[in-house]
Amino acid sequence: MSAALRFEASSLARNFRGGAGVHGIDLDVAAGEIHALVGLNGAGKTTIMRLLLGMLRPDAGAVRVCGVEVGRADAATWSRVGQLVEHPLAYAELTGRANLEVAARLHGLDRAQGGAAVDRAIEEFDLGRYAGVRASRLSLGNRQRVGIAGALLHEPEAIVLDEPTNGLDPAGVIVLRESLLRRAAAGAGILVSSHHLDEVARVADRITVVNDGRVIGSLDPGGFDLERAFFALVHGDDETRRAAA
Amino acid sequence: MNGVRTGGRGGPSGVRTGTGRCGVGPVGPGPFAARGAGLGFTRCLVGLRAGVAVEARKAMASRVMASTTLLLVVGVGVLALGMLLAAASGDEQVLAKLGPLAGAPGWTGLVGVVLQITAAAGVLAFGVALSWMLGREFADGTVAALFGLPVSRPAIALGKLVVYLAWSVVVAVALTGVIAIVGFAMGFGATDAAGVRALARIPVLVVLSALIAVPAGWVATIGRGLLPGIAATVGIIVVAQVSAIADVGVWVPLVAPALWAIAPDAVPAAALLIVPTVPLAFGALCALAWSRLQLDR
């Protein structure tokens, strides 16, 4: 038996009008692993993440979350998942702490569990200064911090983060990096997308390259000049498709 | 998939064969399951309780809800007082607008004016507020964060509706209180003591107005934003008001409250009792829409 899989997608396809979408995606995220998705804008990273989380239903293929088919995942399964895809859960009218308390409640924690989890999250993500400030008054980066903290405060085992460093300052990037490494070491399976190849190389165990809705290869996180390798893969794929057209 | 390791790091753990969020099935470990007593229906209720708690917290912190309450309560009070004073001074336009109410004395006249205003303004306020409660998740982008949670999206949507209806009761009590103060200030306590019972019609109409505005929430969901819900609200007001003025549609739930506001004797109690079919039907549609929601637009 291989390591437990937190996410598993096989032959996944979802087509949108105009030809966009993802096609034949095979992807998995094992326990204890940080798996990075990289690709140009519009390559299909967010669509893949949405499919993994049930935000989109696939036209073909299957997704399993913690071993359960995504369409049949129940409350116990989803309580093991943490995600931030695009917009953080940060309601403008609520303070930083109140937003985290709401996130705790939505992740299935009761009042006592939630209070302790919120305290830990505020400390871990250095949100003490903003705990009493309404989200409407927070900067983009601090709203993102609140969103990440809210997505992770229940110590999920299966994590999906779409461009989590968006808006984060360098200190926030380090806090996030340490948070992900700690959770992966504790057994969480993490899928993360990013445009920052150097940041990806610091945390990822595997890097999968997506282009035009398909997985076109992988990068070695310890490799030299990731940027060159990335563009070589992408341009090679573009030329292959142009030649076939 | 070769298997799933359970246990993890002290967080929620355990795997079970899925049965859908609200289906019936075995319950494994985890915070919801621990409290869930083994039935899918119970799991849904646990989710609903969390949904209500979260939405109540958002509503209480929201300036939109507070300002809507204030605008409706104070606005209707001031408008009613102004119309009565204008009628008393013989303003012909206001007298024409009030129709038979123009000559009604004491509490009956005051409450009649309040009901006429509330039948339209109440639906507008409630429809806009409910459109915001549901449509904001799309406008703010927070809807994506409502996926992948142990609290189901239908529970969140129904939580919004429960909070909305509770809020309408608060508005009903507040408006009744304000109008009572206005009436007593105008001396009706002494001149028309028996007529004070007419005040009871105000909370009934306020809540009925909230009930018939519920379709706006469904439209805001289907339309993925506030504006479609507000457009639906305007549509409900037009249908209700035009029908009421034309004196048709007593058995149409969207129309009955407005007709009852104008002519209470013309609307049997049974016609008002079927008004809750509107929120029941559109609440169910709302839950279904949130259950089947995809982020494909």
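I count two strands as paired if DSSP finds at least two bridges between them. I keep in mind that this is a predicted model.

**Entry: a strand pair in chain A**

With that rule in hand, I looked up strand S3 (residues 34–38) of chain A and strand S9 (residues 206–211) of chain A. They pair in the parallel sense, over four bridges. I picked out A:Val38 and found A:Val209 of S9(A) standing opposite.

**Entry: the sheet around that pair**

Next I wanted the whole sheet. Six strands of chain A form an open sheet, and I read their order as S6-S7-S8-S3-S9-S10. The pairing is mixed. Which strands are at the edges? I found strand S6 (81–84) and strand S10 (214–219) of chain A there, each pairing on one side only. I also noted the twist, which averages 20° from one strand to the next.

**Entry: helices on the sheet**

I then checked what packs on the sheet. Helix H5 (residues 140–152) of chain A does, touching S6 and S7 of chain A. The direction of H5 makes about 165° with that of S6(A). I looked at helix H8 (residues 226–244) of chain A too: this one lies across S3, S9 and S10 of chain A. H8 runs at about 150° to S10(A).

**Entry: positive phi values**

A:Ser11 has a positive phi of about 50°, although it is not a glycine. I placed A:Ser11 in strand S1 (residues 5–15) of chain A. Is A:Ser11 buried or exposed? I call A:Ser11 exposed because it has 12 C-beta neighbours inside 10 Å, and a residue with 12 or fewer counts as exposed.

A:Glu163 is another non-glycine with a positive phi, near 45°. I found A:Glu163 in the loop between strand S7 (158–162) and helix H6 (170–185) of chain A. For A:Glu163 I get 18 other C-beta atoms within 10 Å, so I log this residue as partly exposed.

**Entry: two helices in chain B**

I noted the crossing of H9(B) past H10(B) as right-handed. Which residues of H9(B) make the contact? I listed B:Pro215, B:Ala216, B:Gly217, B:Val219 and B:Ala220. From H10(B) come B:Leu226, B:Pro228, B:Gly229, B:Ala232, B:Thr233 and B:Ile236. I sorted the residues of this contact into eight nonpolar, three polar and no charged.

Conventions
Residues numbered from 1 in each chain as written. Chains lettered and ligands numbered in written order. Predicted model: local features only at pLDDT ≥ 70, side-chain atom pairs only at ≥ 80, totals over all residues. Left-handed = near helix turned anticlockwise from the far one by under 90°. Contact = placed C-beta atoms within 7 Å. Nonpolar A, V, L, I, M, F, W, Y, C, P; charged D, E, K, R; others polar. Buried ≥ 20, exposed ≤ 12 C-beta atoms within 10 Å, placed from the backbone. Axes fitted to C-alpha atoms, helices over the stretch in contact; angles between N-to-C directions.
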